Amino acid sequence: MRKSREQGVTVQPTVALRGVQVFQGLLDRGQQEEILQEIRKIVAHAPLFSPMTPYGRPMSVQMTSAGQFGWVSDAKGYKYARKHPNGNLWPAIPLNVLDVWNKVSGANRAPECCLINLYRETAKMGLHQDRDEADFQQPVVSISLGDEGLFRIGNTTRGGKTESIWLKSGDVVVMGGEARLVYHGIDKTRAGSSTLLSGGGRINLTLRVVT
Ligand code: SIN
Ligand code: FE2
């Protein structure tokens, strides 16, 4: 982060919603394709899977991770794990993804987990907080690729009014500071709104410091 500031590579959010910063169109098509290529390599080593919810049903999104920690779930709930369910260590977070963190996070630490969520067709993600990390001073950065997704932002406690914004391919979101613990989720995606992913769908990468 500091390095990129020194190099003068600072960027400003185009929208701020309840303290959540949205950098619309931060990544151009070429950058999106380069990140997608890296995701394909990750998925070859750490295949996508549909985690079980604690309610005994699989989630509608498919997931995998990169970094020192990945996100898995079992009967006891969700947790960070050092290995993919297949026993492999998670692949490293790609440099072009770390570049995005360095540009927008303002953080003094590197991310330790890059969660990869794939939303096909009717997949969605209910309102939740990201609160399994040790240090809430560290922001959460997310990168949207492919079809548009309707991102809903609530409050730092459950319930109350919410606001929504369509996230497009190449948009980057930062949840930090006062907005680090806001409830958020994806209500739906707009099939056919992007040609980035063959087979359609939306990919979201979520970068977090875990420890
Ligand atoms: C998440 O909160 O884990 C995903 C958010 C998104 O898909 O944009
Ligand atoms: Fe989240």
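I note that the model is predicted.

**Shell of ligand 1**

I listed the neighbours. Asn117, Tyr119, Met125, His128, His184, Ile186, Arg202 and Asn204 surround ligand 1. I then looked up the pocket. Ligand 1 sits in the largest one. I also looked up which elements give two or more residues to its shell: they are β6 (113–119), β7 (125–128), β12 (184–190) and β13 (202–208).

**Polar atoms at ligand 1**

I checked distances from ligand oxygen atoms to polar side-chain atoms. For tyrosine 119, I read 2.5 Å. For arginine 202, an N or O atom of the side chain is 2.8 Å from an oxygen atom of ligand 1. For histidine 184, the corresponding distance is 3.0 Å. I next looked up the cover. On its own, ligand 1 has 260 Å² of accessible area, and the protein covers 97% of that.

**Glutamate 148**

I moved on to glutamate 148. This residue is found in strand β9, residues 148–153. Is glutamate 148 buried or exposed? Its relative accessible area is 11%, so I class glutamate 148 as buried, the cut-off being under 20%. I then looked for a side-chain partner. The side chain of glutamate 148 makes a polar contact of 2.4 Å with the side chain of arginine 190.

Conventions:
Residues numbered from 1 in each chain as written. Chains lettered and ligands numbered in written order. Predicted model: local features only at pLDDT ≥ 70, side-chain atom pairs only at ≥ 80, totals over all residues. Heavy atoms only, no water. Near = heavy atom within 4 Å. Polar contact = N/O pair within 3.5 Å; in protein donor to acceptor, adjacent residues only side chain to side chain. Areas by Shrake-Rupley, 256 points an atom, 1.4 Å probe, with all protein chains shown as cover. 1 Å grid on protein atoms, 1.4 Å probe; cavity = no way out; pocket = protein on both sides within 12 Å on 5 of 7 lines; lining within 4 Å. Sits in = over half its atoms within 2 Å of the grid points. Helix = DSSP H or I, 4+ residues; strand = E, 2+ residues; numbered from the N terminus. Buried < 20%, exposed > 50% of the residue type's maximum accessible area, 1.4 Å probe, protein only.
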